[in-house]
Amino acid sequence: MRKILFILLSTAILISCAQTKEVTYAQNKAAVNNPGYWQQQVDYTMDIDMDVNNYQYKGTQKLVYTNNSPDDLDRVFYHLYFNAFQPGSQMDMRSLNISDPDRRVRDRISKLNADEIGYIKVNSLQQNGVAVKHETVGTILEVQLNTPIKAGESVTFDMLFDAQVPVQIRRSGRNSSEDVALSMAQWYPKMAEYDFQGWHTPPYIAREFHGVWGDFDVTLHIDKSYVVGGTGYLQNPQEVGHNYADKNLPLNLPAGDKLTWHFKAPNVHDFMWAADPDYNHDIVKMKNGIDLHFFYKKTLEAEFLQNWKNLQPKTAELMTYFSENVGQYPYKQYSVIQGGDGGMEYAMSTLITGKRKFGSLVGVTAHEMAHTWFQFLLATNESLHPWMDEGFTSYISNKAENEVLNEGKENPHAGSYRGYRTIVARGYEENLATHADRYETNWAYGTASYSKGNIFLSQLEYVIGAENVAKGLKKYFTDFSFKHPTPNDIKRSMEKVSGIHLDWYLNEWTQTLHTIDYGIKAVDGKKITLERIGKMPMPIDLEVTYTDGSTENFNIPLRIMRGAKPTSAKIIEDWAWANPVYSFDAAKTVKSVLIDKSGLMADINLENNSFSVD
């Protein structure tokens with residue numbers, strides 16, 4: 001299963017987990033739109049010895065790298081994310097110079113002392129047992145290979161490294177604001193992704209990630225008082241206890257000050273863990289065989305402790321919602337862990353801050369869990385296309401939260417529309433095609449990735465119909481999970497279920513700053529004249545009220561759509577986008593006209609969307 005020139009990983013991956021055989025499905029059949037698709041493979045075996053007194057650890061890493069590309073590789077690259085947490089790093093410089101720095105970062109990196117910084121120091125590296133030249137350049141390890149890795153070949157890299165956990169600033173770190181001891185994300189030397197676009201080696205400046213799928217086998221030695229949770233299935237529960245063990249079997253705790261934790265994670269592209277001596281560890285077993293693990297501080301105030309208890313059944317509802325509305329979760333475990341600095345998704349788990357009101361706790365869990373589908377099962381390159389991850393995650397989590405909390409919102413995405421209209425009005429919008437690291441402001445990045453990315457799907461309901469978007473999302477997951485899809489892939493999934501051409505939509509919304517602005521130019525008796533003021537064309541839903549009090553709904557497709565959405569409205573002649581005006585005769589004398597009653601079209605000027613005859 002290492003040679004994946006034509007990805008056929010729908011075969012079950014069997015792993016041993018305590019006394020049970022778990023099965024996860026890597027749905028890597030041949031890519032529907034690109035039968036020549038390939039992706040690399042990484043298999044990590046790591047042994048980590050953590051000193052909780054000085055927050056330093058020593059690691060050994062064996063990495064089997066399979067080159068499934070058609071190219072011979074003479075170099076490889078690793079990410080060393082912890083090196084970003086040093087004065088003078090690119091993350092530090094970016095935060096010091098951007099006009100709206102992240103409040104969690106600001107100038108904090110520049111003020112770190114030697115015992116507070118983060119680092120990963122690679123002491124030795126071998127390729128198939130022979131030392132190779134390597135150089136650390138910021139957060140990237142550049143490796144010059146002795147012999148190229150030929151197309152289709154697997155090689156083994158053996159590494160020894162030392163590391164120090166930084167003070168909690170962004171995502172990773174020690175001693176968070178909520179007193180969580182260790183939030184261990186981006187903590188190990190991680191092989192960079194090589195794909196059809198080449199190597200992806202951006203410096204880490206606290207933005208997004210792109211990773212290689214593989215199997216992880218991680219052994220951790222840590223103070224016996226610490227409870228550990230995160231990615232993967234624990235292989236030795238009877239040797240650690242902490243509510244992992246089968247209560248019907250005897251514990252087999254070793255002598256000494258440390259416990260050894262052994263985790264395996266199949267077919268993931270990252271590995272996170274967190275640890276604290278004061279974690280509660282609760283497990284909720286779902287009827288479908290998925291175990292939900294919850295780790296949160298025993299020292300939380302009573303209100304927050306109760307919120308964490310109440311969160312647990314809601315998390316099960318969220319898991320069910322996402323599995324039913326996107327695609328079946330393929331693993332048998334998911335962990336919600338108090339840690340980090342807000343909310344951040346990882347393989348089979350998430351880190352979230354825990355001192356939240358109940359609605360906020362459910363909301364952040366909904367969003368971070370939804371990332372499992374878009375960042376860890378589909379896994380677009382979120383450095384290049386963050387809107388496909390953050391935006392689509394916002395779309396489905398907004399819907400899930402609305403249902404699970406019985407909020408009853410007619411449009412759960414209304415906040416995204418407000419945010420988008422605000423940044424357009426203020427003149428700070430930037431193109432969705434911008435690399436995540438290179439937005440001029442954090443505001444522009446956030447609005448583009450979360451709000452405008454969300455609107456891509458919610459507005460698509462307006463264009464092709466809500467049922468088609470729901471079907472298209474499922475098809476997208478079925479066709480492209482475990483395949484790093486691109487923007488064209490979501491477009492093609494939606495085209496295939498709807499029969500509507502969407503090239504224009506993908507281009508206008510994601511590759512330009514064109515805006516939507518339609519208005520009602522004139523009403524004269526039965527004749528209605530509409531005008532396109534903005535550059536981006538759209539189909540039009542129109543509600544017409546007649547002078548006799550009756551109403552009639554019309555749908556005006558765009559000609560370049562080559563079709564129309566399913567609708568109960570009367571479909572009339574399509575609108576050729578190059579024409580700035582469009583006129584038609586209604587059945588009776590018109591009293592008033594309303595464009596887009598649903599509010600799903602992101603028209604930047606709503607004042608000209610309604611017209612009443614005096």
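Student: Which element gives the largest share of the lining of the largest cavity?

Tutor: This is a predicted model, in which local features need pLDDT of at least 70 and side-chain atom pairs count only at pLDDT 80 or more, while totals for chains, interfaces and linings use all residues. Residues are numbered from 1 along each chain as its sequence is written, and side-chain values use heavy atoms, without hydrogens and water. On a 1 Å grid over the protein atoms alone, a cavity is a set of points where a 1.4 Å probe fits but cannot get out, and lining residues have an atom within 4 Å of a point. With strands taken as DSSP runs (E, at least two residues) and helices likewise (H or I, at least four), numbered from the N terminus, the largest share, three residues, comes from β24.

Student: How many charged residues are in the lining of the second largest cavity?

Tutor: Asp, Glu, Lys and Arg count as charged; Ala, Val, Leu, Ile, Met, Phe, Trp, Tyr, Cys and Pro as nonpolar; and the others, Gly among them, as polar. The lining includes Trp213, His269 and Phe376. By class, this lining has six nonpolar residues, two polar and, for charged, none.

Student: Which residues lie nearest the centre of the largest pocket?

Tutor: A pocket is an open set of points with protein on both sides within 12 Å along at least five of seven lines. The largest pocket has a volume of about 770 Å³, and its lining has twelve nonpolar, eight polar and 13 charged residues. Of the 33 residues that line the largest pocket, those nearest its centre are Asp102, Arg104, Arg170, Tyr445 and Tyr450.

Student: How far apart are the end C-alpha atoms of helix α7?

Tutor: The expected span of a helix is 1.5 Å times one less than its number of residues. The 15 residues of α7 (residues 466–480) should therefore span 21 Å, and this agrees with the distance between the end C-alpha atoms, 21 Å.

Key
Points joined across faces, edges and corners; volume = space filled by probe spheres on them.
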